[in-house]
Amino acid sequence: MTTRFQDLRPGVAYLWEGRLDVPGRVAARARALLSGDERARADRFVYDRHRRRYTVAQAHLRRVLAELTGTPPDEIGFRFGRHGKPFLPGGPSFNQSHSEERIVIAVATAGRLGVDIEGIREVKHMLALADKNFTADESARLRAAPARERLALFFRLWTRKEAFLKALGVGLTHSLRSFSVDPSPRTARGLLTAGNLPEDPAEWHLGGVPCSVGAEAALAVDRAGIELEALRYDPAGL
């Protein structure tokens, strides 16, 4: 069973996580769903695995939106915001993120929405990177954490911050240091300060979302009190 746009409930963000490493025949079917611009972008990747993962990610996004809207996947017509964030006039709101072979797609009836997933991996010069990209309080929190917990904490901070910027549609064109987040695992009110951004933290849901072992994921939506549900989507049809 799949989900239709009219079945989405206001106040709920729906999420699906999947994998991008697929056989060649599946990647070929995925490519057939892409627009000419998307195929051209895929062809610019140097490595085949990056080309394949981008292609499959776009195909899954198109299939999800097709099932929600009743539009054939290859006829989905994206519009783009000032900084390149895609959207569909009339909804639904959506965002996707992928890290290596992992992908997560989030949808909601309305609102600004951003999602980020990162595979947890060793980070060279992690503390220096945190000092450069995190607020002083966030960086101090990371340094004060036990060494065995720092890596997971780093990615909780990073994914929350990136999800928030993706929701705003500005991506990393805006400084990660300009606002602060709460990386507590169970918080959903994780935007602490918005810095120079015209946003009220009390109006935002920002927190972690369930994902596979070995990764960290976060969701940001400008709807406080939003609930999370799994999206009914069958990737096997690709």
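# Close-up views of a predicted protein chain

**Overview: the whole chain.** Of the 238 residues of the protein chain, 50% count as buried. The model is a predicted one. Its protein chain has 6 helices and 11 strands. Along the principal axes, the C-alpha atoms fill a box of roughly 50 × 40 × 30 Å. The radius of gyration of the protein chain is 18 Å; a compact globule of 238 residues would have a value near 18 Å, so the two agree.

**View 1: strand 5 is mostly covered.** Strand 5 spans residues 102-108. Of its 7 residues, 7 are buried. Arg102, Val104, Ala106 and Ala108 point one way from the strand. Ile103, Ile105 and Val107 point the other way. In a regular strand, side chains alternate between the two faces of the sheet.

**View 2: strand 5 and its partners.** Strand 4 pairs with strand 5 in the antiparallel sense, over 7 bridges. Two of the bridge partners can be picked out here: Phe94 with Val107 of strand 5, and Asn95 with Ala106 of strand 5. Strand 1, residues 12-19, also pairs with strand 5 in the antiparallel sense, over 6 bridges. There, Arg19 has Arg102 of strand 5 as its bridge partner.

**View 3: strand 4 and its hairpin.** The hairpin of strand 4 and strand 5 has 2 residues between the strands. Glu100 takes a positive phi in this hairpin, near 55°.

**View 4: the largest pocket.** About 1,000 Å³ of space lies in this pocket. Its lining counts 33 residues; closest to the centre are Arg41, Gln58, Gln96, His98 and Lys166. At least two lining residues come from each of helix 2 (36-43), helix 3 (48-69), strand 4, strand 6 (113-119) and helix 6 (147-168). Helix 3 gives the most, with 6 residues. By class, the lining of the largest pocket has 10 nonpolar, 12 polar and 11 charged residues.

**View 5: the second largest pocket.** The volume of this pocket is about 190 Å³. Its lining has 15 residues, and those closest to the centre are Pro86, Phe87, Ser93, Phe94 and Gly111. Strand 3 (86-87), strand 4 and helix 6 each give two or more residues to this lining. The residues of the lining divide into 8 nonpolar, 5 polar and 2 charged. Phe94 links this view to View 2, where its bridge partner is Val107 in strand 5.

View 6: Glu118 lies in strand 6. Its relative accessibility is 11%, so it counts as buried, the cut-off being under 20%. Neighbours within four places in sequence are left aside in what follows. Glu118 is in contact with Ser99, Phe155, Trp158, Thr159, Glu162, Ala215 and Glu216.

Note on methods: Residues numbered from 1 in each chain as written. Predicted model: local features only at pLDDT ≥ 70, side-chain atom pairs only at ≥ 80, totals over all residues. Heavy atoms only, no water. Pairing = 2+ DSSP bridges. Helix = DSSP H or I, 4+ residues; strand = E, 2+ residues; numbered from the N terminus. 1 Å grid on protein atoms, 1.4 Å probe; cavity = no way out; pocket = protein on both sides within 12 Å on 5 of 7 lines; lining within 4 Å. Points joined across faces, edges and corners; volume = space filled by probe spheres on them. Nonpolar A, V, L, I, M, F, W, Y, C, P; charged D, E, K, R; others polar. Rg over C-alpha atoms; globule rule 2.2 N^0.38 Å. Buried < 20%, exposed > 50% of the residue type's maximum accessible area, 1.4 Å probe, protein only. Contact = heavy atoms within 4.5 Å.
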